[in-house]
Amino acid sequence: MSRLILVKHAMPQIDPAVPAKDWRLSDQGWGAATTLAHKLKGFGPGRVVASPEPKATDTGHVIAEAIGWPFEVEPAFAEHSRATVKFGTQAEVEASIRRLFEEPDRLVYGEETADQAHARFAEAIERHLAASSGTLLAACHGTVITLWVSRRYGLDPMPFWKSLALPSAVVIEDGAPPRLIA
């Protein structure tokens with residue numbers, strides 16, 4: 001495998017009136033994405049491929065520009081589909097995510113099961129890794145990152161999901177456990 005870096009997007013500007021899939025980065029998010037980019041400079045050469053969701057696309061652009069890598073968008077890197085889910089409290093979101101992880105084959109949160117989100121994301125990761133000769137940096141989302149990493153490495157998904165900061169990077173290299181950079 002080429003080196004893979006899975007980046008959870010930076011802090012968005014949260015607006016309960018706007019679906020989360022349409023949120024852009026906050027001022028704090030722009031700065032934090034730039035800081036993370038500087039931490040990732042030594043992992044090149046490579047390319048950045050981002051989810052089409054603005055908060056991930058913005059994060060990917062910041063990183064690509066800061067480290068001088070090419071940038072593209074991959075629709076399959078989108079977050080677990082939950083466009084119809086209403087804005088909720090942090091406790092409500094965590095309860096829903098926990099249920100999603102505990103019942104991966106059932107439609108319990110949003111419009112896609114955990115198994116469906118994992119299959120979509122995993123296929124796209126494998127396709128992009130096969131086409132990469134250097135580092136692949138995927139700017140995407142916490143739930144799909146967690147589904148992929150927890151299944152690949154046999155990790156308990158909920159604690160892993162909670163460990164992902166806005167932004168953070170999970171570095172995957174052959175023969176080594178995943179390494180978290182925040």
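Predicted model: local features only at pLDDT ≥ 70, side-chain atom pairs only at ≥ 80, totals over all residues.

Trainee: Where does Lys 21 lie?

Mentor: Lys 21 is in the loop that runs between E1 and helix H1 (27–40).

Trainee: Is Lys 21 buried, partly exposed or exposed?

Mentor: Its relative accessible area is 39%. Buried means under 20% and exposed means over 50%, with partly exposed in between, so Lys 21 counts as partly exposed.

Trainee: And what does Lys 21 touch?

Mentor: Not counting residues up to four places away in sequence, Lys 21 touches Glu 53, Pro 54, Lys 55 and Ala 83.

Trainee: How far apart are Lys 21 and Arg 82 in space?

Mentor: They are 8.5 Å apart, C-alpha to C-alpha, although 61 residues apart in sequence.

Trainee: Changing topic, which residues have the most contacts inside the largest nonpolar core?

Mentor: Those are Leu 6, Ile 125 and Trp 148, in a core of 31 residues. Among the elements that give two or more residues to this core are strand E1 (4–8), helix H4 (114–130) and helix H5 (142–153). H4 gives the most, with seven residues.

Trainee: What is Ile 125 in contact with?

Mentor: Leaving aside neighbours within four places in sequence, Ile 125 is in contact with Leu 4, Leu 6, Phe 77, Leu 136, Ala 138 and Trp 148. There is also a second, separate core of 17 residues, including Val 48, Leu 137, Ala 139 and Ile 181.

Definitions and conventions
Residues numbered from 1 in each chain as written. Heavy atoms only, no water. Core = buried A, V, L, I, M, F, W, Y, C linked by side-chain atoms within 4.5 Å. Buried < 20%, exposed > 50% of the residue type's maximum accessible area, 1.4 Å probe, protein only. Helix = DSSP H or I, 4+ residues; strand = E, 2+ residues; numbered from the N terminus. Contact = heavy atoms within 4.5 Å.
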